[in-house]
Amino acid sequence: MKRFLKFVAAGLVAVAILGGGGYTGYWFLAAGAAQSAIEDWVTAQQSNGMQATTDGLVLSGFPGNILLHIDGISLAAPDHALDWQWSAQAIDASIDPKNPRRIVMRIRGKQTLTYGTGDSRIDTVIVGQRMTVHMDVRKAGAMESLSLDAGGVTISNPCGDDPITACLFQSPVMAGPGY
């Protein structure tokens, strides 16, 4: 009987070690894929004539959600009919390893949207106490749905003196096939 209990205990320890090791491997594989997806997206935008940059990407969260902190992100289209540029101080993304197609992004700090050039250049500054984007993606990486939830948002008014303020803004957007 004593030998049987030792065998069962050894089996339980082996299952715990293999299970924990398997989950650890899965988490780091999924986290690496998420980090690579962001780096690949930046590279793809650059190859399409856009200017896409980040000041840094930090990965954390083990053993829970995959957390990606992106500092100083910017995207610009300088050679299009209407030159524009968007930048944000930081974005925090959270991905549940059990549902990696559901991404929650929190935009931190000030965002700036600039369009036009020279004397016709217009800068709009957006600051929100809470700005959260919920996104679902398909297996191939295409967006399936997107929604924005924002609160305490102030947008500088390029056409006047008073800023535009929104206490609460919610906008569900459903992407169509092939989006």
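The exercises below, each with a worked solution, concern a predicted model of one protein chain.

Residues are numbered from 1 along each chain as its sequence is written, and side-chain values use heavy atoms, with hydrogens and water left out. In this predicted model, local features need pLDDT of at least 70 and side-chain atom pairs count only at pLDDT 80 or more, while totals for chains, interfaces and linings use all residues.

**Exercise 1. Confidence and fold**

State how many helices and strands the protein chain has, and where confidence is lowest and highest.

Solution. 
- Step 1: The protein chain holds 1 helix and 8 strands; these are DSSP runs numbered from the N terminus (helices H or I, at least four residues; strands E, at least two).
- Step 2: Along the sequence the pattern reads α-β-β-β-β-β-β-β-β.
- Step 3: The mean pLDDT (the predictor's confidence in each residue, from 0 to 100) is 79, and 75% of residues reach 70 or more.
- Step 4: Strand β8 (residues 164-174) has the lowest confidence, with a mean of 68, whereas β2 has the highest, at 92.
- Step 5: Where pLDDT is low, predicted coordinates should not be read in detail.

**Exercise 2. Salt bridges**

Work out which strands are tied together by the bridges Arg 108 to Asp 92 and Arg 102 to Asp 136.

Solution. 
- Step 1: The structure has 4 salt bridges, each a side-chain nitrogen of Lys or Arg within 4 Å of a carboxyl oxygen of Asp or Glu.
- Step 2: Arg 108 and Asp 92 meet at 2.8 Å, N to O. Arg 108 lies in strand β5 and Asp 92 in strand β4 (residues 84-96), so parts 16 residues apart in sequence are tied together.
- Step 3: Arg 108 is partly exposed at 39%, and Asp 92 is partly exposed at 21%.
- Step 4: Arg 102 and Asp 136 meet at 3.0 Å, N to O. Arg 102 belongs to strand β5 and Asp 136 to strand β6 (residues 122-137), so this bridge joins parts 34 residues apart in sequence.

**Exercise 3. A residue in strand β5**

Is Thr 114 buried or exposed, and which residues does it contact beyond four places in sequence?

Solution. 
- Step 1: Thr 114 is located in strand β5 (residues 99-115).
- Step 2: Its relative accessible area is 8%, so Thr 114 is buried.
- Step 3: Beyond neighbours within four places in sequence, Thr 114 contacts (heavy atoms within 4.5 Å) Asp 83, Trp 84, Gln 85, Arg 121, Ile 122 and Asp 123.

Conventions:
Buried < 20%, exposed > 50% of the residue type's maximum accessible area, 1.4 Å probe, protein only.
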